[in-house]
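Hello,

Here is the structure I promised to pass on to you. Please have a look at it first, and then read on for what I found in it.

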Amino acid sequence: MTTVLLVEDNPIDIKAVTRSCGKLGLDWDINSLTDGQAAIDYASTTPTTPNLILLDLNLPGLDGKDVLRKLRGTDRYLCVPILVVTTSTTPQDITDSYRLGANAVIAKPDNLAAWQAMLSSTDEFWVKTIQRC
């Protein structure tokens, strides 16, 4: 079982991720949080470390960049792949995300088929292929 932390405030996108995982038969246990502070609280209190984090940039309260900065500042989250999934196309957001430790910045899919394609390739590479510490 792969533990995934999904930090996303849009209920439609949360549903797209969970539906897509179900349709693809991905063995993911998804913990969904809707704001940056909840993600930081989760990261500092949960006894288990997720295998993968899908992080939106535009969140209420602490934004995705703040979450990246805080998570990458701890040894516990150093080797966890953090994929920024965002609607932002501004070069500054993309550059900042990588500078703060994102492993990838992905354009947020706009339909269920695109979500399925993105999540399938994410599972294949970030869950099944890479080596982590």
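Along its principal axes, the C-alpha trace spans about 35 × 30 × 25 Å.

A word on the ground rules: this is a predicted model, in which local features need pLDDT of at least 70 and side-chain atom pairs count only at pLDDT 80 or more, while totals for chains, interfaces and linings use all residues. Residues are numbered from 1 along each chain as its sequence is written, and side-chain values use heavy atoms, with hydrogens and water left out.

Now the overall picture. The protein chain has five helices and five strands, and along the sequence they follow the pattern β-α-β-α-β-α-β-α-β-α. Helices (H or I, at least four residues) and strands (E, at least two) are DSSP runs, numbered from the N terminus. Buried residues make up 47% of the 133 in the chain; here buried means under 20% relative accessible area, exposed over 50%, and partly exposed in between (1.4 Å probe, protein chains only). Among contacts (heavy atoms within 4.5 Å) between residues at least 6 apart in sequence, 70% join residues at least 24 apart.

Strand β1 (residues 2-7) has six of its six residues buried, so it is largely enclosed by the rest of the structure. In a regular strand the side chains alternate between the two faces of the sheet. In β1 both faces are covered, with Thr2, Val4 and Leu6 buried on one side and Thr3, Leu5 and Val7 buried on the other. β1 pairs with strand β2 (residues 28-33) in the parallel sense over six bridges, and the bridge partner of Val4 in β2 is Ile30. Two strands count as paired if DSSP finds at least two bridges between them.

Strand β4 (residues 82-86) is also largely enclosed by the rest of the structure, because five of its five residues are buried. Ile82, Val84 and Thr86 cover one side, and Leu83 and Val85 the other. β4 pairs with strand β3 (residues 52-55) in the parallel sense over three bridges, and Leu55 stands opposite Val84.

Val84 is worth a click. Its relative accessibility is 0%, so Val84 counts as buried. Beyond its neighbours within four places in sequence, Val84 is in contact with Leu55, Leu57, Leu68, Ser97, Ala102, Ala104, Val105 and Ile106.

With 41% relative accessibility, Pro60 counts as partly exposed. Leaving aside neighbours within four places in sequence, Pro60 is in contact with Asp9, Thr34, Asp35 and Gly36. The C-alpha atoms of Pro60 and Lys128 are 32 Å apart, and the two residues are 68 apart along the chain.

Do write back with any questions.

Best wishes
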